[in-house]
Amino acid sequence: MRRTLSAFPEDRRRAARRAGVAAAALGCVIPLLAVGTAQADSSSGSAAAPVRLDYPLNGTTHLTGTGSDLALGPGTLKTSTNLTTGELTAETQLPDAPGSFKALGIPVSVTTEFIEEEPTTGTLDLKTGAVSTTSHLTLRLKNLKVAGIPTPVGPNCKTRTPAVIGLKSEPGFNVFTGGTLSGTYTIPKFEHCLLATPVINSMVPGDGNTLSLTLGKAARPPAEAGS
């Protein structure tokens, strides 16, 4: 009489054990193959696809010239990171920042627009997770009021050159959960601010300005999150 698995439970158990062993072996081999393929791609010089992550962004900058603080955000930091080299680029999106201070006891209010002239560049330390970045931002002033009186500055009241802003991650920063980036920067002289140009340049430009940006939890861009 011909035996079948359905007729002999013990045979079924032995076959199941053999299948389980085979599956376990494949489970060990497949990750090794994946690592080997990644190493081969790296050694052959093929570029790894950059990882895209977006961070919600808020922050504060202290302006030493006017002794005032500007609240920044809410905005977005859109990053693209090469996890083989640690090189990253980013696009900073910030809304206009209204602020106020006093000059010789006179209240002054003005709105600052931050214009990113080129993508932010930087590095991610693949061992420690630390991040450092460099941005080039032009500051544009508008809606200037002195003692509540609108003071024309024209549509092109900007720094002559972009401010170069270098930031480094503070302890506790995590590339996935976010954290704080901070640094100091110099504000260049302004131009094209009409009659207000010399007054602005006597107060706002200078070094020692501080910037602190708080990044929230990273998320994949909407177009990629659904893929």
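Thr-111 is located in strand 5 (strands are DSSP runs of E of at least two residues, and helices are runs of H or I of at least four, both numbered from the N terminus). At a relative accessible area of 13%, Thr-111 is buried (buried means under 20% relative accessible area, exposed over 50%, and partly exposed in between, with a 1.4 Å probe and protein chains only). This is a predicted model, in which local features need pLDDT of at least 70 and side-chain atom pairs count only at pLDDT 80 or more, while totals for chains, interfaces and linings use all residues. Residues are numbered from 1 along each chain as its sequence is written, and side-chain values use heavy atoms, with hydrogens and water left out.

**Surroundings of Thr-111**

- Leaving aside residues up to four places away in sequence, Thr-111 touches Asp-96, Ala-97, Pro-98, Arg-140, Leu-141, Lys-142 and Asn-143 (a contact means heavy atoms within 4.5 Å).

**Chain overview**

- Three helices and 12 strands make up the elements of the protein chain.
- Of the 227 residues in the protein chain, 33% are buried.
- Among contacts in the protein chain with a separation of 6 or more, 61% are between residues 24 or more positions apart.

**Backbone features**

- Most residues other than glycine have a negative phi, and most peptide bonds are trans.
- Gly-73 and Pro-74 are joined by a cis peptide bond with omega of about 0 degrees, and Pro-74 belongs to strand 2.
- Asn-143, in strand 6, has a positive phi of about 55 degrees although it is not a glycine.
- Asn-143 counts as exposed, at 52% relative accessibility.
- Ala-147, in the loop between strand 6 and strand 7, also has a positive phi, near 55 degrees.
- Ala-147 is partly exposed, its relative accessible area being 47%.

**Disulfide**

- One disulfide is found in a search of the whole structure (a pair of cysteine sulfur atoms within 2.5 Å).
- The disulfide joins Cys-157 to Cys-193, with an S to S distance of 2.0 Å.
- These cysteines are 36 residues apart and link distant parts of the chain: Cys-157 is in the loop between strand 7 (149-150) and strand 8 (158-159), and Cys-193 is in the loop between strand 11 (190-191) and helix 2.
- The S-S torsion of Cys-157 and Cys-193 is about 85 degrees, so the disulfide is right-handed.
- Both Cys-157 and Cys-193 are buried.

**Cavities**

- Two cavities of 30 Å³ or more are present in the structure (on a 1 Å grid over the protein atoms alone, a cavity is a set of points where a 1.4 Å probe fits but cannot get out; lining residues have an atom within 4 Å of a point).
- The largest cavity has a volume of about 290 Å³ (the space filled by probe spheres set on the points, which are joined across faces, edges and corners).
- Its lining has 27 residues, and Leu-77, Thr-120, Thr-133, Leu-167 and Leu-181 lie nearest the centre.
- By class, the lining of the largest cavity has 20 nonpolar, seven polar and no charged residues (Ala, Val, Leu, Ile, Met, Phe, Trp, Tyr, Cys and Pro are nonpolar, Asp, Glu, Lys and Arg are charged, and the others, Gly among them, are polar).
- The second largest cavity holds about 110 Å³ of space.
- Of the 14 residues that line the second largest cavity, Leu-63, Phe-101, Val-110, Thr-112 and Val-204 lie nearest its centre.
- Strand 4 gives the largest share of the lining of the second largest cavity, three residues.

- The largest pocket contains about 200 Å³ of space (a pocket is an open set of points with protein on both sides within 12 Å along at least five of seven lines).
- Strand 4 (97-103), strand 5 (106-124), strand 6 (131-146) and helix 2 (197-203) are the elements that give two or more residues to the lining of the largest pocket.
- The lining of the largest pocket has 13 nonpolar residues, one polar and no charged.
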